[in-house]
Amino acid sequence: MTTAPFLVGGGRVEHRSHAYPEPGPGQLLIRPRANALCGSDHGLFRDGSPVVAGHEAAGTVVAAGPGTATAVGTRGVIYLMAYCGRCRSCHAGATNLCLDKAGDMGFDRDGGLGPLEVVEERMFFPIGHDLPFPLATMLLDVMGTSGAALNRALSLRPDLDSLLITGAGPVGVGVLATARLGLGGDVPIYISDVSEWRLSFAESLGGIPVHADYLGRIVTHTFDVSETALAFETFLSGESGKVVVTQEDD
């Protein structure tokens, strides 16, 4: 029995006694050393979760179940999804579309904010000793998700000569960094966000900021819901940008 942090809702965290099983066949027991927070965790922080949160974890193998080949002491990162490795999606490399997924770390399985984590060996990717654990978490959602998005874009437009990223959050700046490294310094990469801090941060990484006040000019008219008919007339007149219907709080 050990202690683990639980998100209990309302932005509160409680440290509770928690038991972890020994790793079964094909499984590893990991001691998380770093876990990056994600926008997907926001709902858990707000509403609570019955399992330990955290799905962007890096750590060390402390025990290995039967039938595994990973040595105790191996450092690595943990893939979010407990994919089956057998279905047609997995065989095609589309593990995110697994047809027999057992779960998602940090959402319905205990995740990387806790002191231990039991994972399938195929979800664990070893890293070298020269890569710090906090930095290793970037290999997951920030670089992994971003790299997949960029590869998809390049599969449609291999001659890509400019790029627009909408949103300068962790994944957005991950796309920026991945694109800058992969496409070189000559390809202009534009990035938008409503946060001036994030735009400045993205600019420091080589992005060209598109400020919210520029995007906001697209909304030319707003109407109360009581004026919905007039909103449609304006929108269909050919003399407007984006028309938005608003509703006040009760």
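**Sheet.** I looked up an open sheet of 3 strands, in the order β8-β9-β10 with parallel pairing. Strands here are DSSP runs of E, at least two residues, and helices are runs of H or I, at least four, numbered from the N terminus. Two strands pair if DSSP finds at least two bridges between them. The model is predicted: local features need pLDDT of at least 70, side-chain atom pairs pLDDT 80 or more, while totals for chains, interfaces and linings use all residues. Residues are numbered from 1 along each chain, and side-chain values use heavy atoms, without hydrogens and water.

Which strands stand at the edges? β8 (163-166) and β10 (208-210) do; each has a single partner strand, so one side of each lacks a neighbour in the sheet.

**Pairing.** I found 4 bridges between β8 and β9 (residues 189-192), in the parallel sense. L164 has Y190 in β9 as its bridge partner.

**Salt bridges.** I searched the whole structure and got 7 salt bridges (a side-chain nitrogen of Lys or Arg within 4 Å of a carboxyl oxygen of Asp or Glu). One of them joins R86 and D100, at 3.0 Å from N to O. R86 lies in the loop between β5 (75-78) and α2 (88-91), D100 in the loop between α2 and β6 (117-120), 14 residues apart. R86 is exposed at 55%; D100 is partly exposed at 45%.

Key: Buried means under 20% relative accessible area, exposed over 50%, partly exposed in between (1.4 Å probe, protein chains only).
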